[in-house]
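Open the model in your viewer and keep the sequence alongside. The stops below go from strand pairing to aromatic rings and then to confidence.

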Amino acid sequence: WVTYYGLGGITIAPGKLSLGVTSPAVVTQSPEGPTRFPVVAYLENSGEGEARDVRAAIQLPAGFSLAPGQQAVGRLGNLAVGESVQIAWQVEVEERARGEFSYQVRVEAANSEPNQVHRRVQIANPARLQVDLSAPPRLLIEDGRLQPVPFAVRAIITNVGEMEAPWVQAQWQAPIGLQLAPGESRLKLAGDIAPDAKHVVQWFITPTDVASDNLPYSVRVESGATDGQVHNGFISIPQLPQL
């Protein structure tokens, strides 16, 4: 999935050849294959006579290029008064490109003054979730009982990317020896996590009758913009003394 932000924004330059240009305001780098985004130019002859031999050209900054098969200059022929036309390009972004860039679309005709639009686009890293688990490494025996019971397992979820991570959720899993405390839910919803923000979810867990030095558990975290990732932990459950 590739997400474009601000696709509805348009920059307009009035004149005898009125020009409007639209493209995403923010583009995230694609994890697979080339990163591309569309640029669409809308041109209208708002003068008093026919515009002849109309041409539109896009000029890109370093790190940007047109997708294969695309031409920088498009010949649009003649435009009658009030007639409008559009031209589109697919722009490809180099993998190392990051930050804010500016490109230009210029239109001209044989019998009219040229017009041009500059528009900015930000190239950002996609959302990326970092997960840290926190839980006691082992339970203790106090007065013949395991303590603490129930105990908490926390997942600290931090978005270390440059885009928001929507619909973040975390799910508890354990194959043996551990179970959710009464009233607990296996699935926890963390909502949307902004860049550099964090969210903490937790589960209260109780042991079953299985004693082990290394009982495994795991937490699966995913969002609408990131793949699922599984993080594992272990806890030691001592054997209670026999009465």
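Two strands count as paired if DSSP finds at least two bridges between them. With that rule in hand, turn to this predicted model and select strands β12, β15, β19 and β17, which form an open sheet in that order. The pairing among these four strands is antiparallel.

Next, look at the edges of the sheet. Strands β12 (129-134) and β17 (178-180) each pair on one side only. From one strand to the next, the twist averages 35°.

Move on to the aromatic side chains, where the count of aromatic pairs comes to four. Select Phe37 and Phe64, an edge-to-face pair with 6.2 Å centre to centre and 80° between the planes. The two residues lie 27 apart in the chain, with Phe37 in strand β5 (residues 35-45) and Phe64 in strand β7 (residues 64-66). Phe37 and Phe64 are both buried.

Finally, colour the chain by pLDDT. The average is 89, and 93% of the residues score at least 70. Strand β15 (residues 151-159) has the highest confidence, at 97, while strand β1 (residues 4-5) has the lowest, at a mean of 42. Select residues 1-8 to end the tour: pLDDT stays under 50 there, and the model has 23 contacts beyond four places in sequence for this stretch.

How values were computed. Residues are numbered from 1 along each chain as its sequence is written. Side-chain values use heavy atoms; hydrogens and water are left out. pLDDT is the predictor's confidence in each residue, from 0 to 100. Contact means heavy atoms within 4.5 Å. Rings of Phe, Tyr and Trp (its six-membered ring) pair if their centres lie within 6.5 Å; planes under 30 degrees apart count as stacked, over 60 as edge-to-face and the rest as tilted. Buried means under 20% relative accessible area, exposed over 50%, partly exposed in between (1.4 Å probe, protein chains only). Axes are lines fitted to C-alpha atoms, for helices over the stretch in contact, and angles run from 0 to 180 degrees between N-to-C directions.
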